[in-house]
Every structure is written in C-alpha cells, then in structure tokens.
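The sequence and structure are shown first.

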Amino acid sequence: MPTVSRRTAAFAGVRKISPFMVIAGPFGLIYGVTATEAGVSNFTAIAASFLIMGGAAQIALMELIGDGSSWAVAVATAIVINLRFMLYSASVAAAFADFPALLRYPLAHGLTDQASIVSLQEWQTQKDPRYRLWFFIGASIVFATPWWIGTIIGVLLGGEIGPSWQLPFAVPTTFIALLVPSIRNRPMLIAAIIGAGAAVGLAFLPSGLNIIIGALAGITAGTIATPLPAAEAAP
Amino acid sequence: MSPFLQVVLAAIGTYLARISFIAFGDRFRNIPPRAEVALSMIPPAALSAIAATSLLLTNDNSLRGLDEWHVAAVVAGVVAWKTKSVTYCILSGMAIVWAVGV
C-alpha cells in the first residue's frame, strides 16, 4: 500500500474542514458577545472556548450565568447539550483504536461536530490508520483556530455586533452542510427524518436532552429499516 | 460558584462525553454487523436533530416562527444536495438570509 505523507494527510483534513472554518469565526464572535453580556470576565469567556470547545453549550452556559441561575443548573445544561459527543465518540472509536494510545486522549478533545463528521466521511474511503490520524489532526486543530480568534474578537467588541448581521443563521447552515452528504441511503434518510421529528416533538424536555433522545430515536429507526445482512457486507 | 469554576466543570463533563467510547479502544474493532449499522446512523440522525431544533425551536425550546431562515435553509439544503459542495451550501444560505432579512 502506498503510504501518504503526514503533511498530505493533514493538509487534506484542513482542506475538507475549511468551509466550516469560515463559519466557526462568526460563531465564535456570537459566543464572545453573549459571554460579555452575561458579565463574566474576559479570561473566563475566552478560556471556555479552549476548555469546552462546544459553541451551543457555551452560549447556554453564559446565558444561564448571566440570568443568575444556580451553578448546578448552568453546568448540567451545558453538559446535557454536549452529551451528543458520546455519539461521535462511538462513531470514531473504531478508527481511534488504531491510533497510538497516548494520542487518543488529547485528540478526543478535538471531537467537534464538524471535525468528527468530516473525518468520518473521509474515512469511508481512507483506511490507512496513519492517514486517518493526520487527517483528523489537521481537521480538528486547524478548525478550532477561527473559533478561538472569533471568541477573542467577540469578547473585545462586545455589543457592537448588530442583529442585522444574521450571524446566528451560521448554526443551522453548518448543520445542513454536514447533514446532506451524510445521508447515503434510504435507511439513513429515515434516521434523519425521525431524528428531526422526535427532537422537535420532544421540545418540552430541557434543551439538549430532546436532541439526544431524538437522535437515538432516529438511530433506532434507521437501524431497523436496514435489511440484514447489510447491503455493504459484500466484498 | 465562580463562573470560571462552572466553565471548568462543564469542560470536564464535555471531555468525559468525548472520551467515553474512545476509552474502550480495542473492543470497537470487531463489532456485530447490526451495531455497525447503528453506528452509521449516528451522523444523519444526530445532525438532523440539531439542524431541525436550531431552525424550528428557540434557545429555550419554544417554537420559532417561520421567517427568512426557513427559506434559506431549504435553498441551502437543495444546493448541498445538487452541488455536493459545502462552500456553495453555506454561501447560498447566508446570501438569502442577508438578502431577505435586511
């Protein structure tokens, strides 16, 4: 098997993730402004983007802190919103098992929605563990850079960013761009429809919980809809 | 509790979610076909749950009225499907919210 250089693999990861980097900057900006309005220190606001690396959860956490919610509610809400990372953790676990054990633990921190999904798509055709490792390093670390820069600018600019910028729409567009190519057969389409319907239908649950239960419903529906032996089983 | 400590606690919980299945390591090498199918369903199910809630619900999970977002989302979805390009999908979506929303 011809081996690809680390640089080629890492650069492929950067290239695949780059459209999402354009969105990560503005999203960081939104978060930075939210954090400033909640009244937390600049240090805390910026540290969260490095330590949590999950925009929706960070925004919810800062809003709750700003509203004077109890710390238990604020922390629990942020964690529930990020429980979806368990699903990504399961999706990438087989590929991560081939990475050096010492690298798995730090790299897991780079498991964002974008980096995991883009890597899973690439790994459909790329089976070489070394290529996969460097692709993920490129996609995850480089992707986070505009998120950090956006956060810092947002914290420093504060309320000067108006609603007419339509920045919050960056969130659904990102997920549409990730979702569409991930639907590759009819059971996957069923999984997507049930996942969306259940998550919206369960809106009475705390934010985040409806997403994970909706996703589990979609996963179950898609799995049941797939005939066994799986169509892809043939060599 | 200080906001910084709340950030640290949320970060620990988030990291535990990320490492959860990765920590099992080798046991994920040979999994039954049914489980493999279920894993392949995670991206479409989770992503559409997130996309749908961000389009149809507000931050506190109440229903969001129809507006230019929904037009833009449909266009972005069709563009992503037809062109298979993430860049065109994002550009078309943002262009429509800017054009219609201003």
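After α1(A) comes G39(A), which has a positive phi, near 85°; helices here are DSSP runs of H or I with at least four residues, numbered from the N terminus. The model is predicted, so local features need pLDDT of at least 70 and side-chain atom pairs count only at pLDDT 80 or more, whereas totals for chains, interfaces and linings use all residues. Residues are numbered from 1 along each chain as its sequence is written, while chains are lettered from A and ligands numbered from 1 in the order of writing.

Within α1(A), a bend of about 55° occurs at S18(A), with the proline P19(A) following within four residues. The bend is the angle between axes fitted to the seven residues ending at a residue and the seven starting there.

Helix α1 (residues 6-38) of chain A packs against helix α8 (residues 129-157) of chain A at an angle of about 25°, their axes being 5 Å apart. These axes are lines fitted to C-alpha atoms over the stretch in contact, with angles from 0 to 180 degrees between N-to-C directions. α1(A) and α8(A) are therefore roughly parallel (under 35 degrees).

Chain A also meets chain B: 77 residues of chain A are in contact with 66 residues of chain B, contact requiring C-beta atoms, placed from the backbone, within 7 Å. On the chain A side, the residues comprise 57 nonpolar, 18 polar and two charged; Ala, Val, Leu, Ile, Met, Phe, Trp, Tyr, Cys and Pro count as nonpolar, Asp, Glu, Lys and Arg as charged, and the others, Gly among them, as polar.

| Domain of chain B | Residues |
|---|---|
| domain 1 | residues 1-30 |
| domain 2 | residues 31-65 |
| domain 3 | residues 67-102 |

How values were computed:
Contact = placed C-beta atoms within 7 Å. Helix = DSSP H or I, 4+ residues; strand = E, 2+ residues; numbered from the N terminus. Parallel < 35°, antiparallel > 145°, perpendicular 65-115°, else oblique. Domains from an automatic or database assignment.
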